[in-house]
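Let's take a guided walk through a protein structure.

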Amino acid sequence: METLEAELERAKSLDVTDLADAIEDIGFECTRCGACCTSEADDPHTATAFPDEVRELQETTEYDFRDVARPMPFGLTEDGGETFEWALQTDDCGDCRFYEDGIGACSVHPDRPLICQTYPFSVALGGTSQPMGDPVDESGIVRAHECEGLGRDIDREHAEELAAALKERAVRELEEAIGVRDNYDPANPEPGEIVVHDSEGAKNPDGTAYEG
């Protein structure tokens, strides 16, 4: 198994042209169906966001940290616990709070996180995420995940934009993973407490530093 550092070097060396070729080969056009922004009973919405992406959305929306992001629920129990990522905040229906129902639009589309910019694609590198389940198609190192827009014609300009964002996301995910690993110190939270470990250290659910 490659180290995170080795995978990071692989991510940095990805050729955007090759990624764009793969995206063209698979094909994609967003249909604005909203499936990647909404939840199902057995598939909660858990789009990841880097700490700086949360802050950027705060500046864009003037929302509080908790209104933008929440602790990734995986690994948490009713008694709290520790987790290692931030997820975009959801509304009472479990959908992304930035999704505008009825028109299939994102209210922060120009500032949306990289995970949203690049869905339904990922790259097959260790330490990078595969959003919303296993891939349903692939071309080279690029993986495609369930989406009704797959298989549709995509123009070269859009494919290259997607490819550049996909490479950036792969690099950022590995840098984040290395930062989490290097800064991790078990918090041993009290019952009911939640601690999020990101690349900047241990934090409370409101994004402030966890003091223990």
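This is a predicted model: local features need pLDDT of at least 70, side-chain atom pairs count only at pLDDT 80 or more; totals for chains, interfaces and linings use all residues.

Start with the open sheet, in which three strands lie in the order 3-10-11 with mixed pairing. Strand 3 (81-83) and strand 11 (201-203) are at the edges; each has a single partner strand, so one side of each has no neighbour in the sheet. From one strand to the next, the twist averages 25 degrees. What holds such strands side by side? Strands of a sheet pair through backbone hydrogen bonds, either parallel or antiparallel. Strand 10 (residues 194-198) and strand 11 run antiparallel and are joined by three bridges. You can find aspartate 198 opposite glycine 201 of strand 11.

**A helix with a buried face**

Now turn to helix 3 (residues 51-61). Which of its residues are buried? They are Pro51, Glu53, Val54, Leu57 and Thr61. If you look down the axis of helix 3, these buried residues fall within an arc of 160 degrees, so they line one face of the helix. After helix 3 comes glutamate 62, with a positive phi near 65 degrees.

**A buried threonine**

Threonine 48 belongs to strand 1 (residues 48-49). Its relative accessibility is 18%, so threonine 48 counts as buried. Leaving aside residues up to four places away in sequence, threonine 48 touches Met72, Glu85, Trp86, Ala87, Pro113 and Ile115.

**Rings that pair**

A pair of aromatic rings is described by the distance of the centres and the angle of the planes. This structure holds four aromatic pairs. One of them joins tyrosine 63 and phenylalanine 98; this pair is stacked, with 6.2 Å from centre to centre and 20 degrees between the planes. Tyrosine 63 lies in the loop between helix 3 and helix 4 (65-68), while phenylalanine 98 lies in the loop between strand 4 (86-88) and strand 5 (99-100), so the pair ties together parts that are 35 residues apart in sequence. Tyrosine 63 is partly exposed at 32% relative accessibility, whereas phenylalanine 98 is buried at 3%.

Phenylalanine 65 and tryptophan 86 also pair: their ring centres are 4.9 Å apart and their planes stand at 75 degrees, so this pair is edge-to-face. It links distant parts of the chain, with phenylalanine 65 in helix 4 and tryptophan 86 in strand 4, 21 residues apart. Both phenylalanine 65 and tryptophan 86 are buried.

**Cysteines without a bond**

A disulfide is a covalent bond between the sulfur atoms of two cysteines. How many disulfides does the structure hold? The count is zero.

| Cysteine | Closest cysteine sulfur | Distance |
|---|---|---|
| Cysteine 30 | Cysteine 36 | 6.4 Å |
| Cysteine 37 | Cysteine 36 | 3.9 Å |

Cysteine 30 also counts as exposed, at 53% relative accessibility.

Last, have a look at the loops. Arginine 32 is not a glycine, yet its phi is positive, about 60 degrees. Arginine 32 sits in the loop between helix 2 (16-26) and strand 1, and counts as partly exposed at 49% relative accessibility. Asparagine 188 has a positive phi too, near 50 degrees. The loop between helix 6 (156-183) and strand 10 holds asparagine 188, which is exposed at 61% relative accessibility. Finally, the peptide bond from tyrosine 119 to proline 120 is cis, with omega near 15 degrees. Look for proline 120 in the loop between helix 5 (114-118) and strand 7 (121-123).

Methods: Residues are numbered from 1 along each chain as its sequence is written. Side-chain values use heavy atoms; hydrogens and water are left out. Two strands pair if DSSP finds at least two bridges between them. Helices (H or I, at least four residues) and strands (E, at least two) are DSSP runs, numbered from the N terminus. Axes are lines fitted to C-alpha atoms, for helices over the stretch in contact, and angles run from 0 to 180 degrees between N-to-C directions. Buried means under 20% relative accessible area, exposed over 50%, partly exposed in between (1.4 Å probe, protein chains only). The arc is that of the directions from the helix axis to the C-beta atoms. A disulfide is a pair of cysteine sulfur atoms within 2.5 Å. Contact means heavy atoms within 4.5 Å. Rings of Phe, Tyr and Trp (its six-membered ring) pair if their centres lie within 6.5 Å; planes under 30 degrees apart count as stacked, over 60 as edge-to-face and the rest as tilted.
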